[in-house]
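My entries follow in the order I made them.

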Amino acid sequence: MEQEREVDQILMNIRNTSGSIVSVSVISARLSLQLMIFLLRLAKKGFVAAGLADQFKNFVAKTEGNYTVYNIPLSADRIENLKQINELELKLQDTTNLVTKAKLRNEIKQLWKEIPELEQIEKLGINYCVLPKLNGSEQTIQVAVDKKNDQMFKNWFLNHLTSELSGGEKSMEELKVFTEGNYTIFNLPFEGEELEMALSDFKVLDMNYAIMPDLKVGDGNSQIAIPNADRGKLETWFTMWKDKQLREGKAPEEIGEMYAMNQESYMETASMEAGEYVAGAEQEYKDANAEFEAQSKDVPWEAKLQKENSEEYVRLLQDQNYERISINKETLVENIEKSAKAEEMKRNGYFISRIPGTYDENQQTLILPTDKVFTTDSGKTYVAFLPKNGKSLVADNSGKIHQKDFDSIYEPYKKVERNMRKVKELTKELSPAKEAALSKTPKIQIPK
């Protein structure tokens, strides 16, 4: 079918570019492939220049599909420059006049120079690819960054964000000086008008703050930096705000929670899955993609998990924003009932497992990106990483998908680990005679 031919064409082009198939990870990273196919389809429809789609295809081949897409907030004039670049690239590919081609190439070159942030990234030696601007209403651009250069990019990104801060009472630089670096970033579960109302309250409370750029507009969250000396004021205010929401009839899960973030966690809010980029595109682009989808046949795919000695495992193990959990293959992965929605997500690059202690009508299914799950113990056990300051997807028994915070998910795994440690300690204390006697009695089942 059409999609299978597209995949074959992509693989052929990768062969021609690199001399061979670069890695099975290029094929198994379905979300990378999904984004690549999306841009190729838009190029066929004439929405995106073929040259820009090819640039991303070559980037995916070079990175073997290991990249992260980030939202970078920029000024309105820079956003407009990027839109013009795409328009000029389309004109360039459609003209045969050499003089016109030379003129268009020069205009494109000048427009790129007027986005100095990209030149800064390039000078640092970061491997990146700018994605076409498809969500015209947002003042951000999307840039795919090679995961090997992730830390280098984040160092630059933090400087960029602090220089672009919109002020509350303080700019970020003023806040740093004012507090001698003793401040905390908080995630607030609202944005837009609700944020403006909160800022009015902060002024009444004589609270110092700096508004952080919203790196994911529309997700219902805002980030704000507060001096640690004012932290108590903020926490008291949030308790009162939350009580007011409850009195007005909102359910606790609708209200959300406020939580502290470090700079790494804040920058992670700028990252996005390939599917989010596609979903965030304007309707005309999604309609064009849907035409291809209607003629496509789904390509069978199985996630390829890395082992626990991989570079990504080591990076996550050292990242204070994640907590490690163990998932038993036999009891939590095999032979469990899964919802149709969860099965669909599994086909699209997610790892599915039952949360310990949940069964039958109360069963809950944890849905994690495959790049956060690793194999160990000869394939009998999986090790996964949960974001401490973010939310993870959980499917209930009816198939409905929920976003749940770290504490509510982590506790069942923590309980299992405590029980396992207790059994091991008791076993060590047993004498051979007691151990032999115990072996004749029914074994104690550890709660899962």
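**Helix pairs**

I began with helix α10 (residues 193-204) and helix α11 (residues 231-247), whose axes come within 12 Å and cross at roughly 130 degrees. The model is predicted: local features need pLDDT of at least 70, side-chain atom pairs count only at pLDDT 80 or more, and totals for chains, interfaces and linings use all residues. Residues are numbered from 1 along each chain as its sequence is written, and side-chain values use heavy atoms, with hydrogens and water left out.

I note the terms for helices here. Helices (H or I, at least four residues) and strands (E, at least two) are DSSP runs, numbered from the N terminus. Axes are lines fitted to C-alpha atoms, for helices over the stretch in contact, and angles run from 0 to 180 degrees between N-to-C directions. Angles under 35 degrees count as roughly parallel, over 145 as roughly antiparallel, 65 to 115 as roughly perpendicular and the rest as oblique.

α10 and α11 are therefore oblique to each other. α10 passes α11 in a right-handed crossing (the near helix is turned clockwise from the far one by less than a right angle; anticlockwise is left-handed). I listed the contact (heavy atoms within 4.5 Å): E194, A198, D201 and F202 of α10 with L234, W237 and W241 of α11. By class I have five nonpolar, no polar and two charged residues there. Ala, Val, Leu, Ile, Met, Phe, Trp, Tyr, Cys and Pro count as nonpolar, Asp, Glu, Lys and Arg as charged, and the others, Gly among them, as polar.

Next I took helix α5 (residues 76-94) and helix α6 (residues 98-113), which pack with axes 10 Å apart at an angle of about 160 degrees. That angle makes α5 roughly antiparallel to α6. Their crossing is left-handed. From α5, N81, L82, Q84, I85, L88, E89, K91 and L92 meet K101, L104, R105, E107, I108, L111 and W112 of α6. I sorted this contact into eight nonpolar, two polar and five charged residues.

**Cores**

Which residues have the most contacts inside the largest nonpolar core? They are I72, F153 and F157, in a core of 36 residues. A nonpolar core is a set of buried Ala, Val, Leu, Ile, Met, Phe, Trp, Tyr and Cys residues joined through side-chain atoms within 4.5 Å. Buried means under 20% relative accessible area, exposed over 50%, partly exposed in between (1.4 Å probe, protein chains only).

Leaving aside neighbours within four places in sequence, I72 is in contact with residues including I121, V143, W156 and H160. I also found a second, separate core of 30 residues, with L39, L42, A144 and Y277 among them.

**Whole protein**

I logged 20 helices and 17 strands. Buried residues are 45% of the 448 in the protein. Of the contacts between residues at least 6 apart in sequence, 71% join residues at least 24 apart.

**Single residues**

P412 is in helix α19 (residues 406-429). Its C-alpha atom is 7.2 Å from that of I355, 57 residues apart along the chain. Not counting residues up to four places away in sequence, P412 touches I355 and P356.

I checked phi at two aspartates. D206, in the loop between α10 and β6 (210-211), has a positive phi near 55 degrees. D206 counts as exposed, at 53% relative accessibility. D377 lies in the loop between β14 (373-376) and β15 (381-387), and its phi is also positive, near 55 degrees. D377 is partly exposed, at 45%.
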